[in-house]
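Colleague: I'm new to reading models like this one. Could you walk me through a few features, one at a time?

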Amino acid sequence: MDILNALVAFLNFVFIPGLAYGAQLALGALGATLIYSILRFSNFAHGDTMAIGTVFVILLTWGLQSVGVSFGPLPTALLALPFGIVLTAILLLATDRAVYRYYRRVKAAPVILVMASLGVMFILNGITRFIIGTSDISFTDGERFILTAGDFRAATGLAEGLAIRTTQGVTVVVALIAVGLLFWFLQKTRTGKSMRAFSDNEDLALLSGINPDRVVTVTWIVAAALATTAGTLYGLDKGFSPFTYFQLLLPIFAAAIVGGLGSPIGAIAGGFVIAFSEVMVTYAWKKVVTYLLPDSLAPEGLVQLMSTDYKFAVSFVILIIVLLVMPTGLFKGKSI
Amino acid sequence: MSGAPATPSMTAAAPAQGPARALLLAAFVAMLFIGTGLFQSWTLALLIVNMALVSSIMALGVNIQWGYAGLFSVGTMGFVALGGLSVVLVSSAPAPGGWAAGGPGILLGLMMGAATIAAAVMAAAKLPKGRIRTLGVAAILIVGFLIFRGIFDPAVQAVEANNPAAHGNLGGLGLPVLLAWPVGGLLAAAAAWAIGKTALGLRSDYLAIATLGIAEIILAVLKNEDWLARGVKNVISLPRPVPYEVDLQRSQAFLNWASSWGFDPITASSIVVRLMYTGLFAIVLLALIWLSQAALHSPWGRMMRAIRDNEVSAEAMGKDVTRRHLQVFILGSAVIGIAGAMMTTLDGQLTPGSYSPLRFTFLIWVMVIVGGSGNNWGSVLGGFLIWWLWVMVEPIGNWAMTVITTGMADGWLKGHLINSAAHMRLLTMGIILLLVLRFAPKGLLPER
C-alpha cells in the first residue's frame, strides 16, 4: 500500500502540476519558435503578448458573466477565448505594420528586430497595466475540481488523496486540441506548407511564388492564437498577474531552445522537459520518500533539492547544458 | 551599430553635425534640469541629477558591451544588484554573533560547492568521451552537492536564527563605504567572468536569453539567501560617504554659513548633501568616461570595433574574438557593478524586492540606444534625458489625465484613468525606443 500511496503523492504533487505547466509552456514556446523560424528573430515581447491576450479574455469573460452567460462546469473564459484570440491577432498585425514591417523591408539584422521587440514589450506591458492594473486577478469559474482528494480517498481507501483541478484538465485538453490543429494546419493545408517552406528556405519559397506578406500575416495570427491560449490557460491555472507573464519569457525561450529553435515538436518536448525538471527539482520529496522507506529511515528534512524561488535557475541550467552539449537542441533546430 | 542598415533617413535627420550638435543637445537636457529646479524644487532636480549620473554610468557599461563589441547582454540588473550587495558586505557593521554562529560553515560550504564545479569541469575536460565521462561527472556533481548541502544548510540555519528581527545575516566588514564601489566592480567582474566563460560562445540571441536568466538568478539569490543580505527583509541605514542632514543642521558653522547667504538651514542642508553626492558621482563618471574614451581611441578600441563590424575578417587577421569578447564583457559588467554600488550608497539601503528588469536592464538599454550606441558621451546624454523623462512622465501623465478627465462625471472610468497615469512610463519608453530605432537608428549622438 505504501508504494501506491507514494505513487499517488507523486502524481498529485509532481506529475499533474508538471503536466499542466508543461502544456502551458509548450504552447508559449510554440508561438516563440514559430516567430523565430518565420520572422527570424527572438520575440522578447512574447510574454507580454500572452499577458495582453489574457487581458482581452478576462475582459470578455467579465462581459459574458455580467450578462449571465456561463459554460456550465467549465470556465467561462473558454467561451471568451476565440474572441480574445481575434483581438490579439488584430493587435499583433497592427504592431507588425507599425513596427516590424519596416525592418523586414530594409533587411535589418535580427538583433535590430529584437531591439524593436523590446520597444513593443514596453508598450504592451504599459497597455496591460493601463487596462487592468497590477494586482493579481483570478478569473476562473465553474467546477473547481474534476476529482477531489476526498472522493479519491473514499473510492480507493488510500491514505493519500489525488486531486485534479478543472483548470488542469482543461489545460491539457485545450493544449492537445491546439497542438493537433497546429500540426494539421502546418502539414496538410496549402498555407501551412508554404509557411514551412518559407521557414526552410526563404529564397526558394519566394522563387516558387509564395507570397511573403501572406505568410507573415498568417504567422502573426497563429502566434496570437497560441500566445492567447497559453496565457489564458496559465492564468486560469495559476491566476493572472502581469509580472509573472514577463518572467515566463525565460522558461518559454529555454523550452524553445532546448527543443531546437524553429522546431514545433521540439518546442513541445522542451516545454515538458523544462516544466517537469522545474517541478521535480523544487518539490519537497519528504512525503513520497517517507512512504517508500521504512520508518527507521524516514527523512528529517524536506528532501528538497532547491527552494521554489530558484525555479529560474532550473530552466537556466538546462538551457546552458543543452547549448553546450548539443547547440541545436533536442530536435535539430536552426541557427541563423 | 552592429548590423544596422545604413538608411538614407538617418543621415538626412542631422541638422547640426559633430560637437555643435552634442553641445546643443546637452544644453537642451541641462535646460530640462534647470527648469525642474526653477519650477519645482532644487532638491528634486538634484535628486534626479544624482540618479541620472548613476544611470549614465550603467549606460556607459552597457555601451562598452554593446557599442564597442556588439554583445547583446540583457543581464544588467544582475550586475547592478551585485554592486548593491557589495555595499552591504563591505560597509555595513558586522552582525553581532553572526559570524560565530555559522560563518566558517557557510564559507567552507561555498568553497566545497566551487570545488565540486571545478572538479566536474576538469573531469569533463580530462576523461575520454563516452559513458565513463558522463557517469563520472554526474557522480562528482551529486556527491559534491550532498556534501555542500550537508555543510552549508546547518550553518545557514544557525546564522539566520541569530536575532532574525534585527540581523539574521553575517553582516559586513564595517569598512568605509567608498571602498564598496571598486569592490562592487570586482564582484560584478568576477560574476561576468563565470557567465562569459559559459555563455559567450553562444549566438547573439542565446546570449541575450542566458544573461536574462543570470540576472533573475542573481536576484533570486539576493532575495532568498537571508544570511547574505537579509533577503527581502532589506538592509537599511547603510553608512554614507557624506554627512547627515541632521548633523549639518546641528553644526553651528553650517548654520552661520547658511544664514550669511540667507538660506533656510533645512533646505540648505539637504541641497548641500545632495550636491556632495553629485560631486562624488561626477568624479567617478568623468574618470570612467576618460578611461573609456582613451580605450576607444587606442589600438585596442580599434580592434574591438573591427571585431564588432566583421567578426570573420577580424578572426582572419589573427584576433582572438572569443577572448576579446570575454574581456569587454567583464569590463562593461564591472562598470555596471560600480554604478550599482553607487546607487545603493545613494539610497542608503539594499532592497532586493525593488529590482526589476524593466527598470534596471531595459531602461538602461533605452538610454544607450537613444543616446547613440558606441558613443560614450551619447550614453551620458541618454542617461540624463531618459532618466529625467522616467521621473517626470508620471507627474506629466497625471496632469494630462486630470485635464482630459475634467469634463467627465466622477465615476469608475475617471478614477481608473487617473490611477492609470502611473503606467504611462513604460508606454512612453517603448514609444521613444521605437521612434529612435526607426528614425534615428544611430541615436542622438552618432558614433562618428
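Colleague: What share of the contacts in chain B with a separation of 6 or more comes from residues 24 or more positions apart?

Modeller: Two residues are in contact if their C-beta atoms, placed from the backbone, lie within 7 Å. In chain B, 82% of the contacts with a separation of 6 or more are between residues 24 or more positions apart. Keep in mind that this is a predicted model, where local features need pLDDT of at least 70, side-chain atom pairs count only at pLDDT 80 or more, and totals for chains, interfaces and linings use all residues. Residues are numbered from 1 along each chain as its sequence is written, while chains are lettered from A and ligands numbered from 1 in the order in which they are written.

Colleague: How many helices and strands does chain B have?

Modeller: Helices (H or I, at least four residues) and strands (E, at least two) are DSSP runs, numbered from the N terminus. Chain B has 19 helices and zero strands. Its radius of gyration, taken over C-alpha atoms, is 25 Å, close to the 22 Å from the globule rule (2.2 Å times the number of residues to the power 0.38) for 448 residues, so chain B is as compact as a globular protein of that length.

Colleague: Which residues count as buried?

Modeller: Buried means 20 or more other C-beta atoms within 10 Å of the residue's own; exposed means 12 or fewer, partly exposed is in between, and C-beta atoms are placed from the backbone. Of the 448 residues in chain B, 45% are buried. Over in chain A, take helix α11 (residues 249-259): 11 of its 11 residues are buried. Those residues pack against several helices of chain A, including α1 (2-39) and α12 (264-282), and also against α8 (204-224) of chain B.

Colleague: What span should helix α15 of chain B have?

Modeller: The expected span is 1.5 Å times one less than the number of residues. For the 27 residues of α15(B) (residues 321-347) that gives 39 Å, and the end C-alpha atoms are 39 Å apart, which agrees. Since 21 of those 27 residues are buried, α15(B) is largely enclosed by the rest of the structure. B:G348 follows α15(B), and its phi is positive, near 75°.

Colleague: And where does pLDDT stay under 50 in chain B?

Modeller: pLDDT is the predictor's confidence in each residue, from 0 to 100. Chain B averages 87, and 96% of its residues score at least 70. Over residues 1-14 of chain B, though, pLDDT stays under 50.
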